[in-house]
Amino acid sequence: MALPVAEWQGRTARLWAALEPALRERLEAASLQDAVRLGCDLLRSKEEEEAALVQLCHRAPTDKRPEAASWYREQGNQEFKRGRYQAALRLYSKVASHELPGSPEVSVCFANRSAALLHLGHFEACLEDIARAESHGYPDRLLPKVLLRKAECLLCLGRLQDAQDILRVLESKIALDGVMTPHLTRLKKLSQLKVKLGEKEKCPEPAGEAHGGTQGEPEIWEENNKISGASSSLSLSFDAERGRHLVASQDIVPGQRLVKEEAFVSVLCPGESLPLQEGDTAWDTRATNADLYCHRCLRQLLASVPCQGCSYAKYCSQDCAARAWQQYHRTECSLGALLLTLGVFCHVSLRTVLLAGFAEVSRLVAGSHHGDKNLQSPEASCKPLSEAAGAGAGSRRLPGCDSSGRYQSSYEALFHLLPHTEQHSPEHKFLCTLSVVALCKQLQAAGLEAAVLSQEWTQQWSKPKTCEKTSAELSPELKTVAEAMLRHVLQLQCNAQAITVMQELGPGDGAVVDKKPVRLATAFFPVLSLLNHSCCPNTSMSFSGTAATVRAAQPISSGQEVLHCYGPHWCRMRVAERQQLLSQYFFECHCPACLQELESGVKSVVSIRNSFCCPKCQAPMQGEEDTLCCSNEACATSTSRDHLSGRLQDLQQQIKKALDLLRVRKADQAIKMLLKCQMDAGTFLSPEHLLMGEVEDHLAQVYATLGKWQEAARHLKKSIEIVEMHHGPSSVETGQELFKLAQILFNGFAVSEALSTIQRAEGILSVHFGPQSAQIQELQEMKACLSELPRNILQRT
């Protein structure tokens, strides 16, 4: 959730409505500095509001709870006994997050997780967890179990000498300890396996956990000397209408990388709300973003390293945990519940000032107080770019550029992004002000001011504090921090970038992997923020961890602006819906797609293709009002839009139930339900309706789980036809569907057709994601495998 929880929003809305009219007027016209001051005065006199916020935080606890660890351990053990090792792995990671540092249960937790990792074939990760168990004082009486596991991993990795050393230790230990005789049989088998492997492989290949495959050639990349992270084929420009923006300085071809930038700051979106509510006695076993991705680098987690101070933050390695602690988590750790309650935007704003450092924050905030109008409207007071970019020390330079005229991905560039202070609604600005002030008061009350101001700080993991009284006046330094944070919260509405990831649907253990894009994190990218919006963009964006890459999705001529879609795409929604969504950015879109629909009155392709058809004769229904009429004059059937919309919602619910059946491996029942959905849809939806394509896609998925590859391919081809109609033959959506078709044809041994589909999918996806993306590597592996088949087989297929 970007904004605070609904209850806090409701309280601030009621407080706003109850203010004296004169005070409301002062707040509406207030600068950021004055808004913070007024917010401090208001909260100091409204202790009940802060008390209510503390109570709301109790619904999202992030402290360590041994009782939760015990419950998760039992659930994990049950899943392990059932052979569901992936589920057990997730649950054991939850146990690790809740165990108190130094407790004897911590070592057992890591040992349990290592067993799940071994069964899943993650040998390196298994060894790491065994090392963690040993370092946390794993009981000596149980040590032979993990040593046997360690030897097995080493053998599987081809590290024969290391395995032999472990086996020698075990042999001597078991000889001395009679109670360990149950391990003798397994030890004997491992010793025999060691001998066989030693004879077979004198020089074993280095083993690793990543999939092999031919690596793509490194991309040719020449960085711009005026814009950090940008290609030399771009130039920075601005005008009064478009502000700062990027323009092609030479002709650009599809697939060419234009920008690669690390986020200045990013915060993982928690996903679903935390399940524990006040009075609950059980915990949820479902995995959210917080369980699946590193809270610092956003890499997918396998065996997470928990924060020692809270149960929420999890990392991919000890190095990431240490870096996060040093940079910002030492301040955030005890405030996890408050940050979850106040929302991701507040969290991003806090982490931004922590990463920037108080000295830089203070310098820029002070500059905004000394008549630097450029901070409110940067473009208005700048010279033409040719003059501003190379301006001398006495000239005003383009905001965000350093003294040499280079636009950096820096805090200064971020600070100069427009907050649109005067355009936000007074109620929204009031909500943001009170939220930021409340957060800063909690920082002060928890004794964290020194950490925020980058002063000397202990390296010990902090213990969460509960501060019931926070009514003291904020220090001048924290008021400066609050002003910067308020600026950033307001900036985020127009400049936040969602980091997305393709997440697997279902268990992910099938031959065909179905994925969907999900919002993973919210971030600030100063250079990416230079890209203006178009509903028909000429670029495509992808993410790897916290890094964003922008590529040309189509040819871009020299002098043409480089454009990105902020979300509302002309293929996905009507112009009225797009304009409504874009209003949050405080501009009206005048891209070619919008102008065509607005000026010509032509019905959008979204309206045409996602339309209803007559329930009697299947001709298109027409009409803009509630009553729709059949376009076939001989039929003249009419029905209400609400009735057809209700049928559509019922159909979507039936499809969801069918997918639930598939998840519990009831494929036959899922097929029957989907075929019925397909028949029902055909009676009132256009043949080109996206839902018709979704049903075909789901049918392909079910048939693939049954190994009926030809049936799966037949349905998926129909889905691809509809996707192409909506999004275009070179769209990323079409590329994703072709990727799935390639998997199906590969598994179905349709060699010739698989090779041609792989080639087409590779051509599309390399434009959007680059030649070294995971999907391109997988396509190349499939192609190499098929190409190595005997020639007589290739000729027959």
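What follows is a set of questions and answers on helices, a sheet and some single residues.

Tutor: Please keep in mind that this is a predicted model, in which local features need pLDDT of at least 70 and side-chain atom pairs count only at pLDDT 80 or more, while totals for chains, interfaces and linings use all residues. Residues are numbered from 1 along each chain as its sequence is written, and side-chain values use heavy atoms, with hydrogens and water left out.

Student: How are helix 1 and helix 4 oriented to each other, roughly parallel or roughly antiparallel?
Tutor: Helices are DSSP runs of H or I with at least four residues, strands are runs of E with at least two, and both are numbered from the N terminus. Axes are lines fitted to C-alpha atoms, for helices over the stretch in contact, and angles run from 0 to 180 degrees between N-to-C directions. The axes of helix 1 (residues 6-18) and helix 4 (residues 47-57) come within 10 Å and cross at roughly 170 degrees. Since angles under 35 degrees count as roughly parallel, over 145 as roughly antiparallel, 65 to 115 as roughly perpendicular and the rest as oblique, helix 1 and helix 4 are roughly antiparallel.

Student: In helix 8, how many residues are there, and which of them are buried?
Tutor: Helix 8 (residues 123-135) has 13 residues and reaches 18 Å from its first C-alpha to its last. That is close to the 18 Å expected at 1.5 Å a residue, where the expected span is 1.5 Å times one less than the number of residues. Buried means under 20% relative accessible area, exposed over 50% and partly exposed in between, with a 1.4 Å probe and protein chains only. By that rule the buried residues of helix 8 are Phe-123, Ala-125, Cys-126, Leu-127, Asp-129, Ile-130, Arg-132 and Ala-133.

Student: In which order do the 3 strands of the open sheet come?
Tutor: Two strands pair if DSSP finds at least two bridges between them. Strand 13 and strand 14 (residues 627-630) are joined by 2 bridges, and strand 14 and strand 15 pair over 3 bridges. Strand 13 (621-622) and strand 15 (638-640) are the edge strands, each pairing on one side only. The pairing is antiparallel, and the order is 13-14-15.

Student: What is the bridge partner of Met-621 in strand 14?
Tutor: Strand 13 and strand 14 form a hairpin with 4 residues between them, and the bridge partner of Gln-622 in strand 14 is Cys-629. For Met-621, the bridge partner is Cys-630.

Student: Is His-569 buried or exposed?
Tutor: His-569 lies in the loop between strand 12 (563-564) and helix 22 (575-582). Not counting residues up to four places away in sequence, it touches Cys-535, Pro-537 and Arg-578, where contact means heavy atoms within 4.5 Å. With a relative accessible area of 14%, His-569 is buried.

Student: What is the phi of Gln-618, positive or negative?
Tutor: Most residues other than glycine have a negative phi. Gln-618 is found in the loop between helix 24 (605-609) and strand 13, and is partly exposed, with a relative accessible area of 39%. Although Gln-618 is not a glycine, its phi is positive, about 65 degrees.
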